[in-house]
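Please open the model in your viewer and keep the selection panel at hand. The stops below say what to select and what is there.

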Amino acid sequence: MKNLNRHLSRRHVLALGASAGLIGAVSPLRSAWAATSASQKRLVVVFLRGAVDGLNVLVPHGEEAYYLARPTIAVARPGADHGAIDLDGHFGLHPSLAALKPLWDEGSLAFVPASGSPDDTRSHFDAQDYMESGTPGRKVTADGWMNRLLAQLPGDPSPTRGLSFGPTLPRIFAGRESVANIPLGRAAAAQIPLDRPLINAAFDKLYTGQDAMSAAYQEGIAAHKQVMSDLTTEMKEADNGAPSSQGFPEDTQHLAQLIAQTPSIALGFFALGGWDTHVNQGAGEGQLAQRLAPLAEGLTGLVKSLGPAYRDTVIVVISEFGRTAHENGNRGTDHGHGNVMWVMGGPVKGGKIYGDWPGLDKDQLYEGRDLAVTTDFRSVIQTLLTGHMGLTQTQAALVLPGAPAAPSVSALI
Amino acid sequence: MNDLAFARHVSDRLGYGPRPGDLDDILHAGADRWIAQQLRPQNISLPKDLSARLADLSGLAITPGEALRTYGPQAARDGEGKPDPEKVKALRQEARFIPAQGVEARLVRAVESPRQLEETLVDFWFNHFNVFAAKGLDALWITSYEQEAIRPHVLGNFRDLVGATARHPAMLFYLDNWQNSAPGSAGAKGAFKGLNENYARELMELHTLGVDGGYTQADVIALARILTGWGFGGRGGGGAGGIRPLRDTMHLRERLKPAADAHNAGRFAFTEARHDFADKIFLDHTIKGHGEREGEEALDILAHHPATARHISFKLAQYYLADEPDAATVAAMTETFQKTKGDIRAVLTTLFASAAFRDPAQFGAKFKTPMRYAVSAVRSTGVPFRNFRPLFGVLTQLGQPIYGCLTPDGYKCTEAAWLNADAMTRRITFAVALAAGRLPLGSDPPDRPIAVKRPERMADRMAQRLDAAAAGAPPEPAVNAETLRTTLGDLFSDTTRAAIAETQPELRASLMLGSPEFMRC
């Protein structure tokens, strides 16, 4: 970080002051938002576990150092075969994320490059833990920041206010507030024996206490009922006997459906793995490209299916740390530091890159090898909490204690 | 201390809980004697049926070399040595029995082996040194990895265990070390042209020292340099030809040089031409640059480091004792580890003899992992276990498919990781189906091997099966509730007993298997 100031003149200074002109033509999507009244504010977090290579997600194609550092895995400049999709003349999107470009164009998608954790661990597991507890460097924090956020939200607690997708409950949602986790794929829509009153009544007697298992049981029943009543008969029938379709696009579709039926859903969480590309990660095509494509499909599908609810929804994509600026000896990248956060949603002042870009020259890199972190991930989330979820500064500080103020992202919402 | 309660405790913790009659056997032998027997599994004979069944699983004995030669990319070439896409597909399909039989053997042994401690230790150590079936060649090698690198050492010496995993091609492939090369070395070309820190980092962070074990980024790089050239044969000389980094087997096949060092294929191989022969400073030791042995020297340093003794002792105590194990017990285990230079049997002896392990407050205090829950449920019913598929399906639904953990840290064993709303309803769904005899555990499984790399398919079929659980006649007899109660040593609280008594008889076994007491061990 100390290098940043010395290179002020070369620094690409971004996003100081919103430029309203970017949001030009009114897209059909935007008119749809305008048609709905104020409703539940929502935050959806997509965690890319394994450290996605942010430099190949938001490609600094305007930077010669990027191409020097990555002779075989750099995403080509815009216009070339499988080249980046230009955003602002300096940065471009990975070609597999082309589906997101319309959201950028209409101003509901923004990026915060060089963001991440102030803790410089290169351990996946510690870094994820810190990003989920919201307390980098502090291991004893018992709960996750999304659970603390639930406690600060107005309105009555309900078992489906916080939803996590997958068979286990992630660290980010650990804590006192109840959270439902929804099975992935078709299992979510299956009838279970507990749907039968006799069986349900018998088991209810076993789980009446205040203990953690009883609470989980009660939440499980409530969430299952909610899910079963929300999924339309049509969807259940369509699922029945269909080939197994599991994946992020199907699950985001499911979330959108639940949100459409359940006004109380405020927080959603997905985790996607497979980003630890130490070997042969590819450039515009290849391994990483193949992982990014369904991610883009899932995100755009979510936006479409949310329809008017997108107006009150912010989706943020995060990952524990970035990867080395230079490719390693195996056409891959090793564990690094700074990454990029993706922020999209109706309330987002998008079509813009936020934060300070430190550059990729050797003396600009953190420890001479990694993109530096100039924006604390907590500052970005905090902006979303106060600007979008309606928390006061005091409340937001309970969710993410010690998050530094970040003028460079304050205009994000 | 109540003898029955302690018998239940040792059966639940050292193993996967009692089968019918097991608690009587433990009481009869004496729990301490039973523990001592479990610590020497070689003296416990396997039932003939089980041995015969394992012997039938030919996939267990296939070496990595055979698997690579028979089903790997080379085998998919046509007469002219060109890749044949149809053949690739067919071979991939054909090779599915290898990981499938690895999964089957694991589950059959967990349910049926009298060497119960050995089985939980395989679960523990496999997770500690996790590899993932769906990563490329590891589908061919993961079964061998369990049989050859993990199983023989679960009660042996830690140095041997970590050494066996370090040299097995499944690990070399999974954490990318096979491509780790000294930049600028003679063999450093193409995709083998430089360092790869992946294995070096996880070897310290996960396998030995632990994340707070005192190493630095400089140590990660030094260890990566030490391990340059550690790989496996079957990729051509010098590392430049042959197998290259792959996206899928198709690419692999295209890039494989035919007949190159075939005798060595799939076996550990050290490629001198890609090794960094400079001296290294690693954890304050100077390692002279002289080749393959450097890696062994580094493994010696790591295996005998005090941080490793602590890290391993803590993890074993977390698995067998408590999510937050008693510090004095971990300290005693650490001391044993250091004194015996990593004798795993000795460390476990210290643990099982500790006051903390015998404290009745610990009995039933741990939330079962999905593996412990599902296997203990099947064991308790005493159903003949012929078909492992429903068990694999429920493990997948619950988030713990065998060989299906993508990340190198393996599955966790704590309540925080596994207790959640969905887990409870799914466990109960499984309990009801099992108790009603609706899971076809006693039928012969279909010939088609399961898709270990796509476990979600099994989970989906499972969901449908449980969904349809109300219709038709069950394939197995329903579980007798009173027999089950005896098998489990009547572990139930007054509340649970009352609820069971008030419920119609045919639901009682379901309630027992879905009870709060049975969720814990």
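Predicted model: local features only at pLDDT ≥ 70, side-chain atom pairs only at ≥ 80, totals over all residues.

**Stop 1: helix H17 of chain B**

Select residues 327–339 of chain B, which make up helix H17; helices (H or I, at least four residues) and strands (E, at least two) are DSSP runs, numbered from the N terminus. The 13 residues of H17(B) reach 18 Å from the first C-alpha to the last, close to the 18 Å expected at 1.5 Å a residue, where the expected span is 1.5 Å times one less than the number of residues. Now colour Thr329(B), Val330(B), Ala332(B), Met333(B), Thr334(B), Thr336(B) and Phe337(B), which are buried; a residue is buried if 20 or more other C-beta atoms, placed from the backbone, lie within 10 Å of its own. After the helix comes Lys341(B), with a positive phi near 55°.

**Stop 2: the two assigned domains of chain B**

Next, select 1–38 of chain B as domain 1 and 370–519 as domain 2, bounds that come from an automatic or database domain assignment. Their C-alpha centres lie 22 Å apart, and the contact takes nine residues from domain 1 of chain B and 11 residues from domain 2 of chain B; two residues are in contact if their C-beta atoms, placed from the backbone, lie within 7 Å. On the domain 1 side, helix H1 (residues 3–14) of chain B gives the largest share, three residues.

**Stop 3: where chain B meets chain A**

Show both chains: the contact takes 56 residues from chain B and 50 residues from chain A. Several helices of chain B each supply at least two residues of the side that touches chain A, including helix H12 (198–207), helix H23 (421–435) and helix H24 (455–467).

**Stop 4: strands of chain A**

Chain A holds 13 helices and 14 strands, and 59% of its 413 residues count as buried. Select strand E7 (residues 162–165) of chain A, from which Gly162(A) and Ser164(A) point one way and Leu163(A) and Phe165(A) the other way, all of them buried. In a regular strand the side chains alternate between the two faces of the sheet. E7(A) runs parallel to strand E9 (residues 267–272) of chain A, with three bridges joining them, and Leu163(A) stands opposite Gly268(A) in E9(A). Three bridges also pair E7(A) in the parallel sense with strand E8 (residues 180–182) of chain A, where Asn181(A) stands opposite Ser164(A). Two strands pair if DSSP finds at least two bridges between them.

Finally, select the open sheet of three strands in chain A, whose order is E3-E5-E4 and whose pairing is antiparallel. Strand E3 (58–59) and strand E4 (85–86) of chain A are its edge strands, each pairing on one side only. Two bridges join E4(A) to strand E5 (residues 92–93) of chain A, and there Leu93(A) is the bridge partner of Ile85(A).

Definitions and conventions
Residues numbered from 1 in each chain as written. Chains lettered and ligands numbered in written order. Buried ≥ 20, exposed ≤ 12 C-beta atoms within 10 Å, placed from the backbone.
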